[in-house]
Every structure is written in C-alpha cells, then in structure tokens.
Amino acid sequence: MILSRRLLLTTTVALGLSAVVELLFVEQRHRFFLGSDITLFWTAFGFAACIVIVLVSKWFGHTFVMRHTDPYTGESVLDEPSESDHG
Amino acid sequence: MDSMPPVVIMLIAAALVVVLPRTLRRAVAVAAPILMLAHLAFFLETGDSWSFTWLSLDLEPLRVDKLSLAFGYVFGIAGALGAIYAWHQESKLQQAAALAYAGSSIGVVFAGDLVTLVLFWELKAVSSAYLVWGGGWPNSQSASARYLFVHMVGGSTVLAGVLWHLGTGGSTDFTLFDGTIAGWLILGGFAINAAIPPLHAWLADAYPEASITGSVFLSAFTTKTAVYVLARGFAGWEILIVLGVIMALYGVIFAVLENDIRRLLAYHIISQVGYMVAAVGMGTEVAINGAVAHAFAHVIYKGLLFMGAGAVIYATGRRTLTALGGIAGRMRIVVALYMIGALAISAFPLFSGFTTKSMIIFAAEEEHIEWAVALLYLASVGTFLHTGLKLPYFTWFGPRRDDIPVGPVPKNMIVAMIGAAALCVGIGVYPQLLYNILPFANSYEAYTAEHVVTTLQLLAFTAIAFWLLLHKLRGEATITIDTDWLYRKAGKPVRVLIQQPLEWPFTQAARLAGRIVQIASRISLTPESGWPRLLSLGGGPSTIISLLGRPPLGAAVAAMFVTFAAIVLLAAVFD
C-alpha cells in the first residue's frame, strides 16, 4: 500500500469537506439499509467497497481463472497480442 | 407512412450500401438511421399498428407503444452515431452488416407478434456475427463462430418456446408470459442475449475481437434488445432480480482481472445490463421506467466508451493495459470525451447515469429489497473503479511513454464521440427530456441534495481507495477463463462430428462460386471492373472465396441442429 503524505492529506480534506457539506445541505437522510443513514456512511462504503472488490476479485482471479498460458492454444500470453488489420 | 415498420428504411439502406460507390454509401449509412428517427418522430404514434394473417398466423410487424418508441429512438441515435464513427470504414460488408443489425434490432422492438420477433431475432444474430467475423484480429473468425453458435442456440430456444406456446393454444401476440414451459424456454433464449451468467461468456469473448467500428454497434443493440423483450414479456418475474444483481457484480469482478481494454468494457456491459434485468424483475412502474431510462443512457455512454477505446486502438494499434499508458498528452480530446462517458456510467452528478441508474436503485428501495440496494451500490463502486479510474489511468496516464506510436484519429470518430458526449451531458443536466418518453408517468426526482451529496461521497472515497491500491490494479498479461471454457474445450469433438459434416456442402459451394468468379474475371476484358468485381463485393475475385470459404455457417447450422435435438428430447420427456 502506498500511504503517502499526499494521500493522507487528500483523505483528511475530503472527509472534512464531506462532513461539512452533508451537515449543511442534507436535511433528511433516508435509511436504505442498516446503517446507511449514519453521517459520512457513504464515504466509508465507497472506500471499503472499493478495497473489497479489488482484493476479493484479485484473489478469485489468481486462484481460479487467470492463466499466463492460453488454455486454448497453449501459447504464452504476451503483453500485447499480435497486431492485425482491424479497421 | 403510419403503417410502415421503421426496419424497412434500415434494411433498404443495408442493401443499397452493398452496391453504391464509397461516398454515397457512407452518406446512406448515416442518413438511414436519421430518416428512421424522423419516421418515428413525425409519422408514428402510440397505438399505430400494421397486422395481417399469413398461413393462419396473426402477424403484426408494427406495433407502436411508449416502450417500443423509447427503444426505437435510442437505437436510431446509436445507429446514426455509429455510422458517423464508421464513416472511414472501407468494408462495405461491415457497413451493410451494421445497418442490417441495427435494423433487425429495431424490427424486434416494433414486432407485435412472436413470429416476426423470431425472424428479426435471427437476422440480428447473423448480421452482428459478421461485425465480429470481419474484425481483422487473429481470433476474430473463431470468436465469431462461437458467437454465432451461442446465438443460434439462443434463437433456436426462443423459436422452440414460441412453437411450444403456439402449439399449446397460445396466441402469436407478444405480451407477458406466464410460468409455462414455453415461457421458460423463451426466457432462456432471451437470457443468452441479455448475457445473464452463466450464459454470458459470448459477450466478453466476441466484442473485443470485432472491428473497432463493429464493437461500437455491438455494444448498443444485442443486450439492450434483450432488455426490451424481457421488459415486454417477463416484467415482474422475481428471479430476474437475483440474476440481475449477480450480473451487476459478476461484470465488476471480472473487469478487475482484465487487461484487454474492450474486454474490460464488455464485462461492464454485463454489469450495467444487470441493473436493467433486476429492474425488470421488480416489475413496478418506476422500475420499468428505470430499466428503459438506464438502457437509453447506457446505449449512448457505452457507445462513447467503446468509441474511446477504439480510437486508442486505431491510433496506437495496441489494445491491452500492459502495452499502453503515458500517452494522454497526445490524445487529449479522446481522453476528455472518454471521461465524459466514464462519468456518465459512474453516475456522476450532471451526467446521464446519475439520472437513470439511481431510478433503478430507488425502485428497489421502494420495494424494500434492501439486499439488492446494498449490492447494486457495491456494483456502482466497481463501475467507477474500472471505467472511470483503472482503464483511463493505465491507458493514458502514468509515466510518459514516447516509445508508443500515436497516429492521428479520423475526424469522423471525434465528431461521433462529441455527439455521444453531448447526449450524456444533456440527459444528465436535463433528464426531463428522457423522462418524457418513458413508458409510465415519472415520479422520480434525481436531483435531491441527499442524492447529490451521498453520490459524491461514494465516488470520492472510491477514488481514494483506488489511489491506495493503484499498484494492485495494474494490468496483468493473462487470459481469464470464463464459462466459455466449457464449450471451447468441448469444441473439437463438436467440430469434427457435427460442424464439419454440416459445413461440407457450404464449403464446396463456396469453392465452386470462387472458381466461377476466377474464370469469369479471366474472360472479362477488364477483370477488376464489371460484374466479377460486383460479385466479389469490391475486394477482387479472391474476396468471395475468403468471404464464403470459411464463414461460420457450419457453427450456426450445428448450433440449430443441437438445440432442436435437445428440445425435441425435452418435449418427448414432458409430453
């Protein structure tokens, strides 16, 4: 993970702005599902969902479905497939 | 004029472009969908119909209502933008196939009876297969054979369902189905076109192998036609809510793994169509409105994303994330226009997805389907992550790379992208334009303070997490196996035992035709002009040989044969 100062600063500023804007402009919060009406819920949801999607998908891919050799031709997969006339 | 099916305009144009000279051909390809749109806007209105009886079947090639008109409008727009994008396309067969494909999709949308529907359904499969077949990539031909195979299985399943429906006393009228065997068979056929897992792999297999211009058309019509027929025939079937949510997540997971930019976008078609399928399953007025509105917006922004990806491939000759990056400075306009499509699909405020996708989630909230609400929000995080962040970052940004050659992008491509981008913004800023043409009166308001603020929070923190995990999202030079592995591995015995014997007469006929053209061109005083050239469709006498020599006809016939055999067996079991 790249925990740079810039990233931490951006996160802090974004979190602060989110809280201010939400408290100033959103009068009524709907409860779509358990917990979704808590202040700043959607910041945590976006952040956590993104991390879950990436980590779970990568684990699933590396464990089950990603291949460095083409299973249909037996050839190694290159960075870039051969070029062709593809108009 | 008020009883002429709009498909007629498109099919006449498709026939014309085969024989017209280049400039006229291009003009016809652009003019036909615009004329068709004018026909819809000025001559057709809700309630118009054209029906007749043929062989004791009640046929209705034209039935106009608000549902069909909404899809007709967006298919017309997609056809026109696609034709502008493909203005430079030299292959007249690609142009004809694109027009026939758009036309047959429009034919499906305005078909009031099941027989006409099946006819256009099959024409759509064959014409779209040519867009893949003529893609020009090493895998295009085999991918198109698999594409046609799957769609012939789907088409045959629909046909079998229709025959079953008619045989058990059902009418030809295309309306809501009940839970009979016929209904389930037809749903199965439609599910293939909608790319519902595990019947979805054809999409990510075929679309990246199509021509640059072909994939723009493909992204618009097949799956959205499926959304239309599901909305017409299966609204309120609750199983579709579950399947739709699975689609929304499935596409997101596989998009993380993808290296090929158009394959990544193809998985996101599955994800986005998942929202529409789930909405159809909910079946309420606001849900159906949401499905139609999101299909409308999706056709345009997804077309724009494929146009952007196509422009990169055209300019660089490269199609994978591992081979791209650091070229944004040389493709500024393309990047800017692509990003409008990316913000639209990510449901960013002021862009189209914000006003349409949320309508579906709102419908799920109204029905108190909390698990679906949570999972659809999860999928929308994945959408922004891939199409809004990962794809553009690794395609264009990162350390500058002068070793990647970047050629000019034709102006027509840029013009089409500007048109699509304008619509993405237009629908986002003034959604009433779209809401007015939805099947039911609209009760949904997208621009509330809560919706704007929570969406911005969600997207901002998705971007921060992306930044944190940047190193994990780099493209990897791998192939991802999907459910197509099952029939691709089983392909060899099928090819030897079924496809090749069935293909034999077609191959022989093609050889004979090629021989005749060769002899004729030798006899002709000007072999590269006159009728031999016309016969060879502009590519010299050898073209007809390559055209007919290895078409995926065998795959198509084999697919129909196998499907019918399976359904006859099924009938014997249940009868």
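Here is a short chat about a predicted model with chains A and B.

Student: Why is Ser56(B) called exposed?

Tutor: Count its neighbours: Ser56(B) has 5 C-beta neighbours inside 10 Å. The cut-off for exposed is 12 or fewer, so Ser56(B) counts as exposed. You'll find Ser56(B) in the loop between β1 (49-54) and β2 (57-63) of chain B, with phi near 60°, a positive value in a residue other than glycine.

Student: And what makes Leu350(B) partly exposed?

Tutor: Leu350(B) has 14 C-beta neighbours inside 10 Å. Exposed needs 12 or fewer and buried needs 20 or more, so Leu350(B) counts as partly exposed. Leu350(B) isn't a glycine either, yet has a positive phi of about 80°; look for Leu350(B) in the loop between α13 (332-345) and α14 (352-366) of chain B.

Student: How do you know that β1(A) and β3 (residues 479-480) of chain B pair?

Tutor: Pairing takes at least two bridges. β1(A) and β3(B) have 2 bridges, so they pair, in the antiparallel sense. Met66(A), for one, has Thr480(B) as its bridge partner in β3(B).

Student: What else does chain A bring to chain B, and how many residues are in contact?

Tutor: 48 residues of chain A are in contact with 58 residues of chain B. On the chain A side, α1 (5-25), α2 (41-65) and β1 (66-67) each supply at least two residues, and α2(A) gives the most, with 15 residues. By class, that side has 25 nonpolar, 14 polar and 9 charged residues.

Definitions and conventions
Residues are numbered from 1 along each chain as its sequence is written. Chains are lettered from A and ligands numbered from 1 in the order in which they are written. This is a predicted model: local features need pLDDT of at least 70, side-chain atom pairs count only at pLDDT 80 or more; totals for chains, interfaces and linings use all residues. Two residues are in contact if their C-beta atoms, placed from the backbone, lie within 7 Å. Helices (H or I, at least four residues) and strands (E, at least two) are DSSP runs, numbered from the N terminus. Ala, Val, Leu, Ile, Met, Phe, Trp, Tyr, Cys and Pro count as nonpolar, Asp, Glu, Lys and Arg as charged, and the others, Gly among them, as polar.
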